[in-house]
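Visitor: Could you walk me through this protein, one question at a time?

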Amino acid sequence: MAIYERGTGIAFMLLAVAVFVVARQYPSGMMGDPGPQLMPITIAVLMFPLGLVLALKKPERQASSQDEEVGDVGGGEKLDLGRLVLVGVLLLSMVGFVLMVEYLGTIVAIMIYIWIATLLLGERSLKAAAQYLVFALATGAVLYAVLYQFFRMSLPSGMFF
């Protein structure tokens with residue numbers, strides 16, 4: 001598990017830096033309005049230390065009689081290529097999310113990202129995909145109501161919002 005945690009932690013730190021750099025290009029708010037920079041910069045600032053903690057986390061040593069088995073990654077664990085591909089696809093979908101925000105708007109990009117992430121991580125069936133879509137749409141609606149209507153936050157908007 002150690003190599004997955006380190007790799008994921010490093011990838012999250014790199015993604016946090018990318019989000020921070022892209023968010024700095026959005027206009028800042030004025031006269032008490034936090035502006036569209038606030039949310040992505042806040043997410044990036046929170047993501048980086050969490051990725052650092054994950055990358056530097058000390059692996060738990062499990063007792064194993066075959067610690068030196070060929071293909072071990074660390075701690076007696078074999079490298080699972082399917083899991084690495086899944087992590088890579090999830091990271092690419094996060095990068096896609098960052099790029100979609102500018103063109104589709106924050107709420108629509110969040111809904112698409114949530115749907116893709118749940119499809120990748122959850123059960124893979126037509127019924128589950130429909131449930132994940134409903135969940136993503138509901139999450140987007142709640143975020144829209146809370147962020148735009150209740151808090152009156154201005155987030156990056158695109159073609160739709």
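Guide: Gladly, and a definition comes first: a contact means heavy atoms within 4.5 Å. This is a predicted model, in which local features need pLDDT of at least 70, side-chain atom pairs count only at pLDDT 80 or more, and totals for chains, interfaces and linings use all residues. Residues are numbered from 1 along each chain as its sequence is written, and side-chain values use heavy atoms, with hydrogens and water left out.

Visitor: Of the contacts with a separation of 6 or more, what percentage joins residues 24 or more positions apart?
Guide: The count takes in contacts in the protein with a separation of 6 or more. Among these, the share from residues 24 or more positions apart is 61%.

Visitor: Within what arc do the buried residues of α2 fall?
Guide: Buried means under 20% relative accessible area, exposed over 50%, and partly exposed in between (1.4 Å probe, protein chains only). In α2, the buried residues are Pro40, Ile41, Ala44, Met47, Gly51 and Ala55. Looking down the helix axis, and taking directions from that axis to the C-beta atoms, these residues line one face of α2 because they fall within an arc of 120°.

Visitor: Which exposed residues sit on the face of α2 turned away from its buried side?
Guide: Helix α2 covers residues 38-56. Its face turned away from the buried side carries Leu46, Leu50 and Val53.

Visitor: Is the aromatic pair stacked, edge-to-face or tilted?
Guide: Rings of Phe, Tyr and Trp (its six-membered ring) pair if their centres lie within 6.5 Å; planes under 30 degrees apart count as stacked, over 60 as edge-to-face and the rest as tilted. The count comes to one aromatic pair. Phe97 and Tyr113 have ring centres 5.7 Å apart and planes at 50°, so the pair is tilted.

Note on methods
Helix = DSSP H or I, 4+ residues; strand = E, 2+ residues; numbered from the N terminus. Expected span 1.5 Å × (residues − 1).
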